[in-house]
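Here are some friendly notes to read alongside the model. Keep the viewer open and look up each residue as it comes up.

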Amino acid sequence: MARRAVALTPDWTGWLAAALAAAGFLAPMGAVLWQAGQLWPTASDWSALRFTLCQAVISTVLSIALAVPVARALARRAFPGRGLLVTLLGAPFLLPVLVAVLGLLAVFGRSGVLNEVLRLSGLPTVSIYGLQGVVLAHVFFNLPLATRIILQGWQAIPAERFRVAEGLGFGPWAMARHLEWPMLRQVVPGAALLIFSLCLTSFAVALILGGGPKATTLELAIYQAFRFDFAPGRAAVLAVMQLALVGAAGLLALRFAGDVTGAAARGRVVQRWDLGTWGWDALLIGAAAVFLLAPLVAVVLKGAPEVVELPAAVWKAAGVSISVALAATVLTMALTTAIGLLAFRVPKLELVVLPGIALSPLVLGTGLFLLLYPVIAPDRVALAVTVMANTLAALPFALRLVLPHLRQAVADHGALAESLGIGPRVWLGRVLWPQVRRPFRFAAGLTAALSMGDLGVIALFADPDRATLPLQVMRLMGSYRTDDAAGAALVLLILSLGIFWIIDRGGRDA
Amino acid sequence: MKYLTAVPGLFAASMALADQPVLTVLTYDSFVSDWGPGPAVEAEFEAECGCDLKFVGAGDGAAMLARLKMEGERSEADIVLGLDTNLTAEAKATGLLAPHGVTADLTVPVAWADDTFLPFDWGWFAFVGLAGKEYPTDFKALAASDLKVVIQDPRSSTPGLGLLMWVKAAYGAEAAQVWADLADNIVTVTPGWSEAYGLFLEGEADLVLSYTTSPAYHLIAEEDAGKVALPFDEGHYLQVEVAGKLAGTDQPELANKFLAFMTSPAFQSVIPTTNWMYPATAVELPKGFETLIQPAKSLLMTADEAQAAREGALEEWRAALSR
């Protein structure tokens, strides 16, 4: 087969990387399952499953339904500050959960801005606590991610096609049907799958904003099983339930998503001739910006006065977090490359890494602990384990972002390169890299930022001397130091966004 | 770039201080944090023991117990520090612990006869609110009021479990009804203490479940007298935090020394302004503690009672708040 020659790496590297990723979560899960304990889920576990599924589906549908028009508006319009806005829109996704929740409450909470305004206007106030709050928070976290992914899809439709369509006299509906719908069909299932998987393991958000035990998710049931009941077997069964949901969703998404059409991404606003007036697009972009940025402004305002006087331990933790983030990024992108170069021919391979997003950090952490404990003191490997957990969680994102473009590049140029007999260096440097550079950098930036913010398993392995920044934020909050915690959270936000911006930027400019 | 070099070095064993005996203390994370008692305790003990005191942090009290069970007899820990009386029955049942053998003049407000676990601090649970308002003086009045409360989930947090036991100890068979009446006062339930207290400080609730000593933090560290704990007529449930010695310790002498040190003024005087709890022996309290409420009546189930009551109380709680 012609593609063999343009494959840069031998197949076994891809299989090895996939096997490593799979072992990364299967082994810890097996270790937990191996422990004794009641296995069969209880009645309250089934109701936790129902609530988990219900909130995840609603959150996903709403995030996507809102992201499509917002991404469309952003794809069509050029305006000053657009690049900055697109970067900032990524921020909610990168915030530590608790910080984001406090930001949301500053706007939507009982004494938040919204309710103050309603009160002053003599209108009835609204409560954020309940299913509505859980969904609101999940949309806040995931709308930006969905928007970014779908925006990339829009930008990947070549301007020439819109020009040709214009020339053929396509109206807006024909344009949507022939150009935009095929792209959405390709991009949306993958984005929805990521968001659904993220919402499935939601724990603190669901509990805090859900308003009580009604809002019990599987993740909370896992937490309870581990801690007070110490029934690791049951925790593992609950984790299997989570993974089964993600696996089913993954198969569904792969069925819906076809292959990419069109040439590789151009990365600028696609020039279009079917634009009406600004009104509707401005409203959409404005509303999304206010919804996503207002809680961030609250976080910034609260943290800013504290930043200068932060304790030294916070800055030390920032250093630790940066090195964890960079290590996780290098590892993730290496695995993404190895798996990606195989997965464009073996599509289902992507499903192998998918559980990484939805695997409960508590199960992963406990399993790793059980595996490592007989061999090495857990606190010595705290950071290595954190890097590994972050890598497992980021890998599905990175692969999903890079894979379609990789597939496209090979489809577009593979046969020609093959017939010209060009060597691997030229193929990589002149053909492949320019095509996948943007999504690759975006994926790397996202991985780095996610790894900065992730609390994940570190709390289980905590080494007093090498705390990460999110752990330090939690410690400050746990010792009444809410103001310092707000300052440290702002540092975390700035670092996450900064590291994302630096890595992603190269992909957009060059 | 200094920290980048730390990553590859992680797998390397730390060779430092290899000539000194090491005493490993398994404790909860906030004890070892830079703002907890850990650093001061470590410095004080190392000055007199000729050893290396090593704290290992593991989440909170419940996570610590889970960790102890996972480590089992292989555990390298010599001391486990930071369980509370809701967890000690289960900890004792593991058979991993040995008698502490310390006699100390304890100031815990209940008689203490446990020969496995030795208290190092304690506190009364209480609802905390802003000063200068009229507040209810028992659970029933609280339930009848329109005050909004934020509490912790008893399935994931030790204070949350403490509140569950408080209501159970005060109301027994009536507890389910009390929870049902309280349901409309509860704004939300958080996974842990930090989230609940954070929500309260943000103004999301009028009251938060915390400790009678919480106002002391604001008074002493922030010079803010604006927080008060509410005295309740039913009495206040206690949280007694304890430590124990592992039977499998390879440093029994040092472990004994540490437990004795734990009840000495050097350790105890660090507690009030780092853990913001009451010390377990008579040491002078920092200025500001005299302003705190002193509940007339203390409630505490024994470890076995607490263990036996937990599941039923949890189900009552869940049923009442799920409606």
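This is a predicted model: local features need pLDDT of at least 70, side-chain atom pairs count only at pLDDT 80 or more; totals for chains, interfaces and linings use all residues.

1. Every value below is computed from it.

2. How many residues of chain B are in contact with chain A? There are 69 of them, and they touch 65 residues of chain A. About 5,800 Å² of area is buried between chain B and chain A. Carbon and sulfur atoms give 62% of that area.

3. Between chain B and chain A the count is two salt bridges. In one salt bridge, Asp29(B) pairs with Arg475(A), and the closest N and O atoms are 2.7 Å apart.

4. Which elements of chain B give two or more residues to the side that touches chain A? Among them are the helices α1 (29-32), α3 (61-71) and α13 (303-322), together with the strands β2 (52-57) and β7 (186-190). Sorted by class, this side of chain B has 31 nonpolar, 17 polar and 21 charged residues.

5. Next, the cysteines. A disulfide is a covalent bond between the sulfur atoms of two cysteines. Over all chains, the count comes to one disulfide. This link joins Cys49(B) to Cys51(B), with an S to S distance of 2.1 Å. The angle about the S-S bond is -90°, and the link is left-handed. Both partners are buried: Cys49(B) has a relative accessible area of 10%, and Cys51(B) has 3%.

6. Why is Cys54(A) in no disulfide? The nearest cysteine sulfur, that of Cys199(A), is 12 Å away, whereas a disulfide needs the two sulfur atoms within 2.5 Å. Cys199(A) is likewise in no disulfide, its nearest cysteine sulfur being that of Cys54(A). Is each of these residues buried or exposed? Cys54(A) is partly exposed, with a relative accessible area of 34%, while Cys199(A) is buried at 1%.

7. You will find Leu493(A) in helix α23 (residues 482-509) of chain A. Leu493(A) counts as buried because its relative accessible area is 7%, which is under the 20% cut-off. Leaving aside neighbours within four places in sequence, Leu493(A) is in contact with Ala91(A), Leu95(A), Leu296(A), Val299(A) and Val300(A). Val99(A) lies 394 residues from Leu493(A) along the chain, yet their C-alpha atoms are separated by 9.3 Å.

8. Finally, look at two backbone angles. Most residues other than glycine have a negative phi. Glu223(B) has a positive phi, near 50°, and Trp276(B) also has a positive phi near 50°. Where do they sit? Glu223(B) is in the loop between α9 and β9 (227-229) of chain B. Trp276(B) is in the loop between α12 (271-274) and β11 (278-279) of chain B.

Note on methods. Residues are numbered from 1 along each chain as its sequence is written. Chains are lettered from A and ligands numbered from 1 in the order in which they are written. Side-chain values use heavy atoms; hydrogens and water are left out. Contact means heavy atoms within 4.5 Å. Buried area is the accessible area (1.4 Å probe) that two parts lose on being put together, summed over both. A salt bridge is a side-chain nitrogen of Lys or Arg within 4 Å of a carboxyl oxygen of Asp or Glu. Helices (H or I, at least four residues) and strands (E, at least two) are DSSP runs, numbered from the N terminus. Ala, Val, Leu, Ile, Met, Phe, Trp, Tyr, Cys and Pro count as nonpolar, Asp, Glu, Lys and Arg as charged, and the others, Gly among them, as polar. Buried means under 20% relative accessible area, exposed over 50%, partly exposed in between (1.4 Å probe, protein chains only).
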